[in-house]
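Q: I have the model open and would like to learn how to read its features one at a time. Could you walk me through some of them?

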Amino acid sequence: MAMEVVRGREWKRVQIAPGALDRAFFEAAARGELLYQRCPACGHGQFYPRLLCTACGADTAWVKASGRGVVHTFTIVRQNGQAPFKDELPYAVAMVELDEGVRMMGNVTGCPVESVRVGMAVEAYAVECGDGLAVPFWRPVEHAARK
Amino acid sequence: MKARDPVIVGVGLSDAPRAPHLDSTGHHVQAIRRALADAALEKRAIDGYLCAGMGASPAEAVSMAEYLGIDHRYVDGTMTGGSSFEFHVQHAAAAIREGLCETVLVSYGSDFLSRRGRTLGTGGFGLSRVSGADMYSAPYGLPIVGGYAMVARRHMHEFGTTSEQLAEIAVGVREFAGLNPNAMYREPIAVADVLASRMIADPLHLLDCCVVTDGGGAFLMTTAERARDLRKPAVRVLGAAGAQTHWNISQMPDYTTSAGATCIPEAFARAAVHPNDVDTLQFYDSFTITVLVLLEDAGFCKKGEGGAYVEQGHLRRGGRRPLNTDGGGLSACHSGMRGLFLIAEAVRQLRGEAGAAQVPDARIALAVGSGGWLSCIGAVVLGRE
């Protein structure tokens, strides 16, 4: 299942400067694909991407994720002096556990921050950040169903 | 005690919590002079040096050694965040036992409040471009406090831990701050005050968070044999251990358990000390949740029962095992990396120098530092002779 990709919105957040390995992840996100790594040798899943499997040390391989997961834990940030975040308070930051078992950090958007819960079902979408790259975000699964 | 058993023989703290007259180097120098005077040691006796800091130089230990004029035979700039100094005790103790050096200085200095203002936990890092692992977290605006809030949230979810229970930790530590003339905040607080303070990152309130101050410290270690000629009673390093489960909060394997679950029992085993033998705890209290997780990981209660344990009052003044008797990072002093102050306060207690905050007949102290986001934990068991 492809992620929705939000295009043409001004990217005000930190600029990412990916090397060759990481570029593949952000380019895939711009195509609507959410990637993570699974070790062909031992089957260990991991994220963020690395040049080796943290379990066995072998070369890693990219795998497409479903883009679905649940909130494993989260916080609602109510104080942050840094732009652009100070203008977006309050906002939710979560660790999302993907259906595939690995965890990714991201903002949960598209719902009141007070409604975010541990165990909440979320899906990924991506926002373009320039240079043919995009960054994943999360929203409640109901968000898609309502549309 | 064997001749080369490692001991702490001198401790010094620099001016805190506000010291606009000192820069970070000034904090180092003032604290080092006070530690040398405390031990009645000459600077030229130092042949081992360890330090860590938030300065620009990754070569902080060797550049400080040059500034201070220390011709070391052993040097170590291990940087694990706030727990660096517990790791330093472990390393220095091994170096002393092995005979790599005789007299070790560990120092720290920070002008955080005067120089950078009060945004350590809520200001982010102000980076405009990121690479590597930071690309998978920096776009989401998680401040330092937010990482700890995620730990608190998960702990509440799994075990029913409450904000009231976390607040008990802040209340107890504040009582000790009232006894410390150098503490940042000294007015007593109640649980209701913590809950009424503004939410910074749910579920952590302002009073669940450490203060931001200036401050530095130094301590001196040597052999038990050499300590006999010095002024103050030596404090023994009975056992030390460190461990790491992650660095970035996104990589924490279990959001309710730290590397303390590994290294604190190891430190106890090396010291041949049981948790029940510990008279006072000097625990890294960057946030109330930090203490709660470390208490469980240390084995004072089962995983998930930290909230109930705290409510029983063991950590309070007059309790079985008083916590952070200098007022802690929550109320007294946190200049960015608090680990050195944990050692300093443990030594003060074991020497019986803590005045109104003295734990009666304190014989064994446990100092546990946490660096990063409950990432790198260092545990040190100290005892008086």
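Q: Which residues of α3(B) meet which residues of α13(B)?
A: On the α3(B) side they are S84(B), F85(B), E86(B) and V89(B), and on the α13(B) side G339(B), L340(B) and I343(B). Two residues are in contact if their C-beta atoms, placed from the backbone, lie within 7 Å. By class, this contact has four nonpolar, two polar and one charged residues. Here Ala, Val, Leu, Ile, Met, Phe, Trp, Tyr, Cys and Pro count as nonpolar, Asp, Glu, Lys and Arg as charged, and the others, Gly among them, as polar.

Q: Before we go on, what should I know about the numbering and the model?
A: Residues are numbered from 1 along each chain as its sequence is written, while chains are lettered from A and ligands numbered from 1 in the order in which they are written. This is a predicted model, where local features need pLDDT of at least 70, side-chain atom pairs count only at pLDDT 80 or more, and totals for chains, interfaces and linings use all residues.

Q: How do I read the packing of α3(B) and α13(B)?
A: Two packed helices are described by the angle between their axes and the distance between the axes. For α3(B) and α13(B) (residues 339–350), the angle is about 60 degrees and the axes are 6 Å apart. The axes are lines fitted to C-alpha atoms, for helices over the stretch in contact, and angles run from 0 to 180 degrees between N-to-C directions. α3(B) is therefore oblique to α13(B); angles under 35 degrees count as roughly parallel, over 145 as roughly antiparallel, 65 to 115 as roughly perpendicular and the rest as oblique. The helices (H or I, at least four residues) and strands (E, at least two) are DSSP runs, numbered from the N terminus.

Q: At what angle do α9(B) and α10(B) pack?
A: Helix α9(B) (residues 260–271) and helix α10(B) (residues 288–298) pack at about 55 degrees, with axes 8 Å apart, and are therefore oblique to each other. G260(B), A261(B) and I264(B) of α9(B) make the contact with L294(B), D297(B) and A298(B) of α10(B). These residues divide into four nonpolar, one polar and one charged.

Q: Into which domains is chain B divided?
A: Domain 1 covers 6–117 + 214–234 and domain 2 covers 142–209 + 241–384; the bounds come from an automatic or database domain assignment. Their centres, taken over C-alpha atoms, are separated by 23 Å. The contact takes 28 residues from domain 1 of chain B and 31 residues from domain 2 of chain B. On the domain 1 side, α3(B) gives the largest share, six residues.

Q: How do chains A and B touch, and which strands pair across them?
A: 30 residues of chain A are in contact with 32 residues of chain B. On the chain B side, α5(B) supplies the largest share, six residues. Strands of a sheet pair through backbone hydrogen bonds, either parallel or antiparallel. Strand β2(A) (residues 15–16) pairs with β5(B) in the parallel sense over two bridges; two strands pair if DSSP finds at least two bridges between them. Q15(A) stands opposite R129(B).

Q: What is the strand order in the open sheet of chain A?
A: The three strands run in the order β4-β3-β5, with antiparallel pairing. β4(A) (45–46) and β5(A) (61–64) stand at the edges, each with a single partner strand, so one side of each has no neighbour in the sheet. Two bridges join β3(A) (residues 35–38) to β4(A), and R38(A) stands opposite G45(A).
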